[in-house]
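We will go stop by stop.

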Amino acid sequence: MTGVDVRPRPAWLVFGGLALVVLVLDQLAKAWIVGNIAPGQVVDVLGSWVRLILSRNGGALFGLFASSATLFGIGSLAVLILIVWYHARTPRSVLLSVALGLLMGGALGNLVDRLRIGYVVDFVDIGLGTIRWFTFNVGDAAISTAILLLLLLAMRPAARPASADA
């Protein structure tokens, strides 16, 4: 060997392209909601099961730890750096690049809100009657999907080399 690293590199186009698509969709959806739904107005999409309602989230994912937008903005920057660092050091896996691209795009979408307006715009409200889930946005949905994909990847058994006895 010549000392050259011949491992396949991560799928940067998948990673960056997906992050950009999520960021753009997230910001477009939020702009539409802010321009078309009044604060406190509820718009039924699928009956009361899926509704749109404009909400301000000063905390983390699903409104946890409210009133910490500045702290989460700083934390988001660190997370973004870690996502890129991790992606750069992993072998090529399209599924991992998809998961990390979703994570990056969702984190960027929420970071843009925190830096621009001091809170994150949430608007999707799911539930039955008075039993409701946390209000969320496109970026949150991408982050949640990414976490599920990463968990699936972590539980997937590693490929084992063929036995020399065969």
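Is Phe123 buried or exposed? Select Phe123 and look around the side chain. Phe123 counts as buried, because its relative accessibility is 6%. Buried means under 20% relative accessible area, exposed means over 50%, and partly exposed lies in between (1.4 Å probe, protein chains only).

A word on what you are viewing. This is a predicted model, where local features need pLDDT of at least 70 and side-chain atom pairs count only at pLDDT 80 or more, while totals for chains, interfaces and linings use all residues. Residues are numbered from 1 along each chain as its sequence is written, and side-chain values use heavy atoms, with hydrogens and water left out.

Stay with Phe123. It sits in strand E3, residues 120-128. Arg51 and Phe123 are 72 residues apart in sequence, and their C-alpha atoms are 8.1 Å apart in space.

Zoom out and colour by secondary structure. The protein has four helices and four strands. Helices (H or I, at least four residues) and strands (E, at least two) are DSSP runs, numbered from the N terminus. From that end the order is α-β-β-α-α-β-β-α. Of the 166 residues in the protein, 39% are buried.

Strands pair if DSSP finds at least two bridges between them. Find Val43: opposite it, in E2, stands Leu52. E1 and E2 form a hairpin with three residues between them. Click Gly47 in the turn, which has a positive phi of about 60 degrees.

Now select helices H1 (residues 12-36) and H3 (residues 94-117). They pack at an angle of about 35 degrees, with axes 7 Å apart. Axes are lines fitted to C-alpha atoms, for helices over the stretch in contact, and angles run from 0 to 180 degrees between N-to-C directions. By class, the contact has 13 nonpolar, seven polar and four charged residues. Ala, Val, Leu, Ile, Met, Phe, Trp, Tyr, Cys and Pro count as nonpolar, Asp, Glu, Lys and Arg as charged, and the others, Gly among them, as polar.

Last stop: which element gives the largest share of the lining of the second largest pocket? H1 does, with four residues. A pocket is an open set of points on a 1 Å grid over the protein atoms alone, where a 1.4 Å probe fits, with protein on both sides within 12 Å along at least five of seven lines; lining residues have an atom within 4 Å of a point. Select some of the lining, including Gln27, Leu54 and Arg116.
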